[in-house]
Amino acid sequence: MSIQVKFFASLKETLNIDDHDIKSATTAGEAWDIATTNAERPDNLLVAINLEYAQFESTVKDGDEIAFFPPVTGG
Amino acid sequence: MATYILEQSFNPWESISEHQKSTTLHNQFGATATFIGTMRDFNDNETVSAMMLEHYPAMTQHYLEKLINEAKKKWDLLDILIIHRVGNIEPGDPIMLIACWSSHRRASLEACSWLIEELKHRAPFWKKETRINGEYWVEKNTDGL
């Protein structure tokens, strides 16, 4: 089992972390805990599973791509 | 309908013209509504000398296509063009172009306005500004007023 975990923008710099795979997780929140070694979640943290916005309680499965990032600021 | 994420500067007026020529819209549209977002050289009363735009490529593409599909369901549109810059940007450079074509003005005007706001709130782009004292991530979008 493998789940891809990605980090973007200020979050990536603050955590000083690279994208990597984790072996397993049941929810997006658990994936965060495993991938960041239990780093504190920023209040404004957003999560996407397979390119769709999700919740930290959302379930994840083998092969999923999970992304964590701060509020978006495009346009 | 087309979306482009560009790492190079672009001329929005030429992009609109080229897109119109490349489609089969000739003599069908009665209205074209456009929005062009341009990089300013200030923010929060500080000088901004440069900006870097990061994005999440796969999700960005997915969301731009999703927004276009949602707009097509909401309004009777003939065509939509969205272009967004990423990478290193200088003051005065266009950042984003949204153009909507419709038979009558209301659809294109409303869709263009809706697309701007939805893109700013949902598409995964992030701005990092270079100011006099260093580089800073933009924490949230302005309210547009």
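Two strands pair if DSSP finds at least two bridges between them. By that rule, β1(B) and β5(B) pair in the parallel sense, over five bridges. This is a predicted model: local features need pLDDT of at least 70, side-chain atom pairs count only at pLDDT 80 or more, and totals for chains, interfaces and linings use all residues. Residues are numbered from 1 along each chain as its sequence is written, chains are lettered from A in the order in which they are written, and side-chain values use heavy atoms, without hydrogens and water.

**The sheet**

- Strands here are DSSP runs of E with at least two residues, helices are runs of H or I with at least four, and both are numbered from the N terminus.
- Chain B has an open sheet of four strands, in the order β1-β5-β7-β2, with mixed pairing.
- β1 (2-6) and β2 (31-38) of chain B are the edge strands; each has a single partner, so one side of each has no neighbour in the sheet.
- From one strand to the next, the twist averages 5°.
- B:L6 has B:R85 of β5(B) as its bridge partner.

**Helices on the sheet**

- Contact means heavy atoms within 4.5 Å.
- Axes are lines fitted to C-alpha atoms, for helices over the stretch in contact, and angles between N-to-C directions run from 0 to 180 degrees.
- Helix α1 (residues 12-22) of chain B lies across β1, β2, β5 and β7 of chain B, at about 30° to β7(B).
- α3(B) also packs on the sheet. This helix touches β2, β5 and β7 of chain B, and its direction makes about 150° with that of β7(B).

**Two helices together**

- The axes of α2(B) and α3(B) come within 11 Å and cross at roughly 150°.
- That makes the two helices, α2(B) and α3(B), roughly antiparallel, a label for angles over 145 degrees.
- Residues in this contact include B:Y63, B:L64 and B:L67 of α2(B), and B:W114 and B:L119 of α3(B).

**The cores**

- A nonpolar core is a set of buried Ala, Val, Leu, Ile, Met, Phe, Trp, Tyr and Cys residues joined through side-chain atoms within 4.5 Å.
- Buried means under 20% relative accessible area (1.4 Å probe, protein chains only).
- The largest nonpolar core has 28 residues, and B:L77, B:I80 and B:C100 are among those with the most contacts inside it.
- α3(B) gives the most to this core: seven residues.
- B:I80 touches B:M1, B:H19, B:W101 and B:L115, among others, leaving aside residues up to four places away in sequence.
- Another core, of 19 residues, lies apart; A:I22 and A:V60 are among its members.

Methods
Buried means under 20% relative accessible area, exposed over 50%, partly exposed in between (1.4 Å probe, protein chains only). Angles under 35 degrees count as roughly parallel, over 145 as roughly antiparallel, 65 to 115 as roughly perpendicular and the rest as oblique.
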